[in-house]
Amino acid sequence: MNINLKSDTITRPTPAMLEAMMSAKVGDDVYKEDPTTNKLEASLAHLFGMEAGLFFPTGSMANQAAIKLHTQPGEQLICDHYAHVFNYEGGGVSFNSGVSCQLIKGDRGLITAQQVASAINPPDFYHSPLTTLVCVENTTNKGGGACYDITELKRIQQVCKKHGLRYHLDGARIWNALEATDTSPKQYGEIVDSISVCLSKGLGCPVGSVLLGSREFINRAMRVRKVLGGGMRQIGYLAAAGLFALEHNRERLVDDHRRAKELEATLKKLYIIDHVEPVETNIVIFTLVPSIDPEIWNAFLIKNNISLSQMGEGKWRMVTHLDYTEAHHQKFLEMLLDSFA
Ligand SMILES: *Cc1c(COP(=O)(O)O)cnc(C)c1O
């Protein structure tokens, strides 16, 4: 048995999802003639109470297009120092948009309105870059799946309004936040100018993200997507997976979250584990006791065919997902307790 908790992106489409994909009606999406893609974009826009949506091959491209549309070269955006847009998009903020990042040391990837307010460069001080955009992430990835309190996101909106800043939500993992907190998609749509959502993480699709915003914003996003090489043809096959996932794979996220909580509780019982970050969704981040030879842990992982990821600073990460079944889970908990309790 292979226990793969490296990421929730490793899932493969189920037979039912493949069936939905194979029977999709398709057309050329560059001409906006793919009915299934148009349907997915409209349903997501409706769900979040936004005017329009646009399918992207990756979450990174959706975020990069949003940043490009919200800024001009030389300007600055504000984000947490753990932000995906800063750490994991290949330096795209500077490469694609000629923009710099003002990094905030938030709490597990979450920033506050007060921190945002004090990170804004005074607009009349022409020596420093002009601040024009705030990017938040919900749930946070490098921050360990932490969720925003929606009232803090509203406070950040007030700061953005007051200072004339645009506001983008990297909602690659928004499905987990929606499951874990008492919030609705429309509440997020009301607060920010644009949202990117991922279909290939918790929802289990093979490919795809959708950028949401005003009609005017999405019309402009089509050009940026084309420039980035993301104008695609018969992608209804991929959009069909998204529509299937929205209908069938949202409720089950509660299982991923329960299993992550159970992993947290079990890790806390092991002498080899130093610290486990509080689990809110499907991500578990932990460190090993410094006095333990890391080879003991590595040998355990190899021997039992377990894949996890490392996040730097000695941090390990496990992410529960659709292909991590109850059988995998029970077996893994048993192996951990047998070896290290
Ligand atoms: C996964 C992820 C993305 C997008 O990643 P891609 O691999 O480009 O699809 C963006 N933001 C966050 C927070 C993520 O977790």
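How many salt bridges are there between domain 1 and domain 2? The count is three, a salt bridge being a side-chain nitrogen of Lys or Arg within 4 Å of a carboxyl oxygen of Asp or Glu. R173 forms a salt bridge with D8, and the closest N and O atoms of this pair are 2.8 Å apart.

The model is predicted, with local features needing pLDDT of at least 70 and side-chain atom pairs counting only at pLDDT 80 or more, while totals for chains, interfaces and linings use all residues. Residues are numbered from 1 along each chain as its sequence is written, and side-chain values use heavy atoms, with hydrogens and water left out.

**The two domains and their contact**

The domain assignment, whose bounds come from an automatic or database source, gives domain 1 as 3-8 + 252-340 and domain 2 as 15-248. The C-alpha centres of domain 1 and domain 2 lie 29 Å apart. To the contact, defined by heavy atoms within 4.5 Å, domain 1 brings 17 residues and domain 2 brings 22 residues.

The size of an interface is often given as the accessible area lost when the parts come together. Here domain 1 and domain 2 bury about 1600 Å² between them, with 44% of it on carbon and sulfur atoms; buried area is the accessible area (1.4 Å probe) that two parts lose on being put together, summed over both. Of the area that domain 1 buries against domain 2, D8, L253 and E280 supply 34%, more than any other three residues.

Between domain 1 and domain 2 there are also nine residue pairs in polar contact, both residues being at pLDDT 80 or more. A polar contact is a pair of N or O atoms within 3.5 Å; within protein, one must be able to donate a hydrogen and the other to accept it, and residues adjacent in sequence count only if both atoms are side-chain atoms.

| Element giving two or more residues to the side of domain 1 that touches domain 2 | Residues spanned |
|---|---|
| α12 | 253-267 |
| β10 | 283-288 |
| β13 | 315-319 |

Among these, α12 gives the most to that side, with three residues.

**The sheet**

Four strands form an open antiparallel sheet in the order β9-β10-β13-β12, two strands being paired if DSSP finds at least two bridges between them. β9 (273-276) and β12 (309-310) are the edge strands, each pairing on one side only. β10 and β13 pair in the antiparallel sense over five bridges, and I285 stands opposite R317 in β13.
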